[in-house]
Amino acid sequence: GVVLVSYFNMAAGSCVVPRNFRLLEELEDGQKGGGDGTISWGLVDGEDMSMTLWNGMIFGPPRSAFEGRIYSLKIECGDRYPDICPNVQFITRINMTGVNSSNGVVEKRISPILSNWQRSYTIKTVLSELKRCMSAKENARLPQPPEGSTY
(Lines give C-alpha, C1' and ligand atoms only; values in the text may rest on other atoms or scores of the structure.)
Protein backbone atom coordinates (compact mmCIF):
# COMPACT_ATOMS: atom_id res chain seq x y z
CA GLY A 1 0.00 0.00 0.00
CA VAL A 2 0.85 3.65 0.03
CA VAL A 3 2.48 5.02 3.17
CA LEU A 4 1.29 8.50 4.05
CA VAL A 5 3.83 10.41 6.06
CA SER A 6 4.06 14.14 6.45
CA TYR A 7 7.06 15.97 7.85
CA PHE A 8 7.46 19.40 9.34
CA ASN A 9 9.96 21.82 7.89
CA MET A 10 11.25 23.71 10.95
CA ALA A 11 13.09 26.38 8.94
CA ALA A 12 10.10 27.30 6.82
CA GLY A 13 7.62 26.60 9.60
CA SER A 14 5.31 24.77 7.24
CA CYS A 15 4.11 21.24 6.68
CA VAL A 16 5.45 19.66 3.49
CA VAL A 17 2.94 17.21 2.04
CA PRO A 18 4.70 14.18 0.52
CA ARG A 19 4.34 13.34 -3.17
CA ASN A 20 1.95 10.36 -2.86
CA PHE A 21 -0.35 12.10 -0.41
CA ARG A 22 -0.47 15.14 -2.65
CA LEU A 23 -1.18 13.00 -5.74
CA LEU A 24 -3.95 11.13 -3.90
CA GLU A 25 -5.57 14.51 -3.22
CA GLU A 26 -5.23 15.44 -6.90
CA LEU A 27 -6.70 12.08 -7.96
CA GLU A 28 -9.68 12.56 -5.64
CA ASP A 29 -10.20 16.11 -6.93
CA GLY A 30 -10.15 14.81 -10.52
CA GLN A 31 -12.57 11.98 -9.73
CA LYS A 32 -14.99 14.46 -8.16
CA GLY A 33 -14.86 16.58 -11.31
CA GLY A 34 -12.78 19.25 -9.58
CA GLY A 35 -12.37 21.24 -12.79
CA ASP A 36 -14.94 23.67 -14.13
CA GLY A 37 -16.28 21.11 -16.60
CA THR A 38 -13.86 22.21 -19.33
CA ILE A 39 -10.87 20.28 -17.98
CA SER A 40 -10.47 16.82 -16.44
CA TRP A 41 -7.67 14.53 -15.27
CA GLY A 42 -7.07 11.05 -13.89
CA LEU A 43 -4.56 8.21 -13.68
CA VAL A 44 -3.81 6.28 -16.87
CA ASP A 45 -3.89 3.08 -14.78
CA GLY A 46 -5.89 3.01 -11.55
CA GLU A 47 -3.58 0.27 -10.25
CA ASP A 48 -0.47 2.44 -10.64
CA MET A 49 0.63 2.89 -7.02
CA SER A 50 3.39 5.32 -8.07
CA MET A 51 0.73 7.64 -9.56
CA THR A 52 3.19 8.70 -12.27
CA LEU A 53 1.22 8.66 -15.54
CA TRP A 54 -1.92 10.77 -15.91
CA ASN A 55 -4.40 11.62 -18.67
CA GLY A 56 -5.64 15.15 -19.03
CA MET A 57 -8.37 16.64 -21.17
CA ILE A 58 -9.17 20.20 -22.19
CA PHE A 59 -12.28 21.36 -24.05
CA GLY A 60 -11.22 24.10 -26.44
CA PRO A 61 -12.41 27.48 -25.17
CA PRO A 62 -15.21 29.32 -26.99
CA ARG A 63 -14.41 32.14 -29.42
CA SER A 64 -11.02 30.65 -30.24
CA ALA A 65 -9.58 28.43 -32.99
CA PHE A 66 -9.82 25.58 -30.44
CA GLU A 67 -13.59 25.88 -29.90
CA GLY A 68 -15.55 22.63 -30.16
CA ARG A 69 -12.44 20.47 -29.98
CA ILE A 70 -11.34 18.11 -27.22
CA TYR A 71 -7.62 17.97 -26.49
CA SER A 72 -6.06 14.93 -24.83
CA LEU A 73 -2.81 15.22 -22.89
CA LYS A 74 -0.33 12.92 -21.23
CA ILE A 75 1.10 14.13 -17.90
CA GLU A 76 4.03 12.49 -16.14
CA CYS A 77 4.57 13.32 -12.47
CA GLY A 78 8.12 12.18 -11.78
CA ASP A 79 9.64 11.14 -8.45
CA ARG A 80 10.36 14.77 -7.50
CA TYR A 81 6.85 16.10 -8.24
CA PRO A 82 5.50 18.49 -6.90
CA ASP A 83 8.94 20.02 -6.22
CA ILE A 84 9.61 19.99 -9.96
CA CYS A 85 7.02 20.37 -12.70
CA PRO A 86 5.45 17.42 -14.50
CA ASN A 87 6.23 16.53 -18.10
CA VAL A 88 3.22 17.52 -20.19
CA GLN A 89 2.49 16.46 -23.76
CA PHE A 90 -0.50 16.98 -26.01
CA ILE A 91 -1.69 13.76 -27.67
CA THR A 92 -4.14 15.68 -29.85
CA ARG A 93 -2.30 17.78 -32.46
CA ILE A 94 -2.33 21.49 -31.61
CA ASN A 95 -0.79 24.67 -32.97
CA MET A 96 0.00 26.78 -29.89
CA THR A 97 2.88 28.86 -28.54
CA GLY A 98 5.04 26.79 -26.20
CA VAL A 99 3.99 23.42 -27.66
CA ASN A 100 6.50 21.53 -29.83
CA SER A 101 4.83 21.14 -33.24
CA SER A 102 6.52 17.80 -34.00
CA ASN A 103 5.67 15.87 -30.81
CA GLY A 104 3.18 17.91 -28.73
CA VAL A 105 5.52 18.38 -25.76
CA VAL A 106 4.78 21.50 -23.73
CA GLU A 107 8.15 23.26 -23.63
CA LYS A 108 9.19 23.87 -20.02
CA ARG A 109 11.21 26.99 -20.75
CA ILE A 110 8.47 28.63 -22.86
CA SER A 111 5.31 27.67 -20.97
CA PRO A 112 4.82 30.17 -18.11
CA ILE A 113 3.15 27.61 -15.82
CA LEU A 114 6.08 25.16 -16.16
CA SER A 115 8.94 27.67 -16.32
CA ASN A 116 7.69 29.42 -13.14
CA TRP A 117 6.65 26.20 -11.40
CA GLN A 118 5.69 26.39 -7.72
CA ARG A 119 5.14 23.47 -5.36
CA SER A 120 1.56 24.60 -4.76
CA TYR A 121 0.65 24.10 -8.43
CA THR A 122 -1.29 20.97 -9.43
CA ILE A 123 -2.28 19.05 -12.55
CA LYS A 124 -5.49 21.10 -12.44
CA THR A 125 -3.40 24.31 -12.42
CA VAL A 126 -1.46 23.12 -15.49
CA LEU A 127 -4.61 22.21 -17.46
CA SER A 128 -6.38 25.45 -16.48
CA GLU A 129 -3.38 27.52 -17.52
CA LEU A 130 -3.01 25.72 -20.86
CA LYS A 131 -6.72 26.34 -21.52
CA ARG A 132 -6.24 30.02 -20.63
CA CYS A 133 -3.30 30.18 -23.09
CA MET A 134 -5.59 28.88 -25.84
CA SER A 135 -7.68 32.04 -25.43
CA ALA A 136 -4.65 34.36 -25.36
CA LYS A 137 -4.25 36.80 -28.27
CA GLU A 138 -1.19 35.03 -29.69
CA ASN A 139 -2.99 31.66 -29.89
CA ALA A 140 -6.73 32.26 -30.25
CA ARG A 141 -6.69 32.64 -34.06
CA LEU A 142 -3.84 30.28 -35.02
CA PRO A 143 -4.82 27.83 -37.78
CA GLN A 144 -5.19 24.35 -36.26
CA PRO A 145 -4.31 20.88 -37.57
CA PRO A 146 -7.20 18.74 -38.84
CA GLU A 147 -9.59 17.85 -36.03
CA GLY A 148 -8.89 14.46 -34.43
CA SER A 149 -5.26 14.23 -35.61
CA THR A 150 -2.71 13.04 -33.06
CA TYR A 151 1.07 12.96 -32.50
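These legends describe close-up views of a predicted model.

**View 1**
Just after H1 comes glycine 33, which takes a positive phi of about 75°.

Arg19, Arg22, Leu23, Glu26, Leu27 and Gly30 are buried in H1. H1 lies across E3 and E4 and runs at about 130° to E3.

**View 1. Glutamate 26 is a buried residue of H1.**
Glutamate 26 lies in helix H1. Is glutamate 26 buried or exposed? Its relative accessible area is 5%. Buried means under 20%, so glutamate 26 is buried. Leaving aside neighbours within four places in sequence, glutamate 26 is in contact with Trp41, Trp54, Tyr81, Thr122 and Ile123.

**View 2. Four strands form an open sheet.**
The strand order is E3-E4-E5-E6, and the pairing is antiparallel. E3 and E6 stand at the edges. Each has a single partner strand, so one side of each is left without a neighbour in the sheet. On average, neighbouring strands of this sheet are turned by 20° against each other, direction ignored.

**View 3. Strand E3 pairs with strand E4.**
How many bridges link E3 and E4? There are five, and the pairing is antiparallel. Isoleucine 39 stands opposite isoleucine 58 of E4. E3 is mostly covered, with four of its five residues buried.

**View 4. Strand E5 pairs with strand E6.**
These two strands run antiparallel, joined by four bridges. Lysine 74 stands opposite glutamine 89, a residue of E6.

**View 5. The largest nonpolar core has 31 residues.**
Which members touch the most other members? They are Trp54, Phe90, Met96 and Leu130. H1, E3, E4, strand E5 (70-76), strand E6 (87-90), helix H2 (112-115) and H3 each supply at least two residues of this core. The largest share, six residues, comes from H3. In soluble globular proteins, nonpolar side chains tend to be buried together.

**View 6. Tryptophan 54 belongs to the core.**
The contacts given here do not count residues up to four places away in sequence. Tryptophan 54 touches Leu23, Glu26 and Leu27, among others. Its contacts also include Trp41, Gly42, Leu43 and Val44. Further contacts of tryptophan 54 include Leu73, Lys74, Ile75, Cys77 and Ile123.

**View 7. Proline 145 is found in the segment after helix H4 (137-140).**
At 16% relative accessibility, proline 145 counts as buried. What does proline 145 touch? Not counting residues up to four places away in sequence, it touches Arg69, Arg93, Ile94 and Asn95. Proline 145 and threonine 92 are 53 residues apart along the chain. Their C-alpha atoms are separated by 9.3 Å.

Key. Residues numbered from 1 in each chain as written. Predicted model: local features only at pLDDT ≥ 70, side-chain atom pairs only at ≥ 80, totals over all residues. Heavy atoms only, no water. Buried < 20%, exposed > 50% of the residue type's maximum accessible area, 1.4 Å probe, protein only. Contact = heavy atoms within 4.5 Å. Pairing = 2+ DSSP bridges. Core = buried A, V, L, I, M, F, W, Y, C linked by side-chain atoms within 4.5 Å. Axes fitted to C-alpha atoms, helices over the stretch in contact; angles between N-to-C directions.
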